Amino acid sequence: MASISNEIFTIQAKDEYEPFLETLLELLTEKAQNVKNFFGVNEYRPVKVSLFDTLFDLKDEANKTYKVYEEYAQGSFSNKGIGVLVDDNLSIDNLNKIVNKIIHQYSHIIYSSIYKDVFDRPVWLDEGIAQTLSGERNVLQNSQSKCKSAFLRKILSKYKEIPKIAYLNKAGNGRYTIGYPRYSGYLMSYFMVNYLLETKVIDNEANKDDYEIIGNRFNYYDSPVVRKNLEKNNTPLKSRYNMELMLKDPEYRKKVENFLVVRTVNYLGNKLGLRMSAASYKYIKTPQDILDYMDANFMYAWLDEKNEKNKSNEGFARRYHVASVNEVLNLSFGTEIEYSKFVITTLRKIGYEGSIFANVSTDQDKTFLSHIFVLFYDNIKDKVYYFEFPPSSNEGIYEFSSYKEFMDYYADKVDKNSRLYEMMNIPDGVTYKELMDFICSQDLVLGTLPNSTKGL
């Protein structure tokens, strides 16, 4: 068993991991100091860290320390130390992931040291801080588009419930914090903590007498109109939350909790530029609203010959039937095919012209649909827009100065032997074979017809 120690950690792992332990300890030490600074804890005893290769070993160790182990967890902590799972063999490429897991548990240990009882604190605050300090959510911190997508899909989606604060306060029981599949409690906890951090009082200048700040009806973060009025009247926009009191003063924390969920949702909605259209079809007014609605509500699935919904691709070509736009709206599901129908129908509903485009490829005498998308036109701006559906890695709305400019761009991205067809819509209820026959009977706008030497 390999081991390495300093004044903060003792790390134990199998001998094969010894070449990485020194670097691991350096990374942990730096992050651990940030955790202690955040909580205002100057000194803390060295913490033992054990690395495990299997969930069975991790769970077994957790049970020995009388820690309630959650089946979904890849880490545990107790007064006897930290245990984390190494998904793959430890390497220089996954060290940061392991560091994040360990610091998440270390955050729990340091926060619990403020209290006599390990679980005498709200789970949402404990888990939200641990996610923030560990760095495991950095992808949301560093990418507004990924943060927006996560907020839409896991918080605002019609399939999700925005949790009450009581659901997230269940001390010592992570199942309530997760809330799967009803709500995403861990992510909501992360968002709430970051809302508090982004709106905190600078240098902890507030105290218990500043409750009036919390009750201030001029909530800058909840309304652009209020912000405008505050600026017009030269009213100072004062930060609201004292994090030191949030961590240590239950009375202060309960005051804040009374409205924290709704203010977090409002704050993030404004910060990310979201409107009610993300949650309700009737509020869709712009192409971006369509994309936000799809991001929040749609998931991949398709109807078979029995009108039953399928999430697996098994038997797709044989059993698939094209769903109608009403079915897509009612069930909030689809493939690229249904999404194209939904997008073109909604674009026309809000006043845009456009077409569906289908890229058809041939592989070993088999013709198949390789890509489908929508182009639409803004006659006022005299621009062409390419609409790529979620959950594509390229999802978004892209602007081109002309139809020709887009075609030049697209032709450079696809197989030279593929063909691109344009159509006004796609019929409901047809099979995959009937769909392919229909597409290949439409206007060919790019590529070469079979048995033809003439290209377009």
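These legends walk through several close-up views of the predicted model shown above.

**View 1. The whole chain at a glance.**
Let's start with the overall picture: the chain has 19 helices and 15 strands. Helices (H or I, at least four residues) and strands (E, at least two) are DSSP runs, numbered from the N terminus. Of the 456 residues in the chain, 50% are buried; buried means under 20% relative accessible area, exposed over 50%, and partly exposed in between, with a 1.4 Å probe and protein chains only. Residues are numbered from 1 along each chain as its sequence is written. Because this is a predicted model, local features need pLDDT of at least 70 and side-chain atom pairs count only at pLDDT 80 or more, while totals for chains, interfaces and linings use all residues; side-chain values use heavy atoms, with hydrogens and water left out.

**View 2. The largest nonpolar core.**
A nonpolar core is a set of buried Ala, Val, Leu, Ile, Met, Phe, Trp, Tyr and Cys residues joined through side-chain atoms within 4.5 Å. The largest one holds 71 residues, and Phe9, Leu51 and Trp124 touch the most other members. Helix α3 (residues 95-113) gives the most to this core, with nine residues. Look next at Trp124: leaving aside residues up to four places away in sequence, its contacts (heavy atoms within 4.5 Å) include Ile165, Leu168, Met192 and Leu260. A second, separate core has 43 residues, among them Ala301, Tyr320, Val374 and Ile439.

β4 and strand β5 (residues 81-85) run antiparallel and are joined by four bridges. Find Ser76, which stands opposite Gly83 in β5. Axes are lines fitted to C-alpha atoms, for helices over the stretch in contact, and angles run from 0 to 180 degrees between N-to-C directions.

**View 3. The six-stranded sheet.**
This open sheet has antiparallel pairing and the order β13-β12-β11-β10-β14-β15. The twist averages 35° from one strand to the next. Strands β10 (residues 353-363) and β11 (residues 366-378) pair over 11 bridges in the antiparallel sense. Which residue is the bridge partner of Ile356 in β11? That partner is Val374. Helix α17 (residues 336-349) packs on the sheet, where it touches β10, β11 and β12 (383-388).

**View 4. Two packed helices, α6 and α8.**
Helix α6 (residues 144-156) and α8 pack at an angle of about 130°, with their axes 10 Å apart. The two are therefore oblique to each other: angles under 35 degrees count as roughly parallel, over 145 as roughly antiparallel, 65 to 115 as roughly perpendicular and the rest as oblique. Where they meet, α6 brings Cys147, Ala150, Phe151, Lys154 and Ile155, and α8 brings Leu187, Met188 and Phe191. Gly185 also belongs to helix α8 (residues 185-198). Is Gly185 buried or exposed? Its relative accessibility is 0%, so Gly185 counts as buried.

Key: Pairing = 2+ DSSP bridges.
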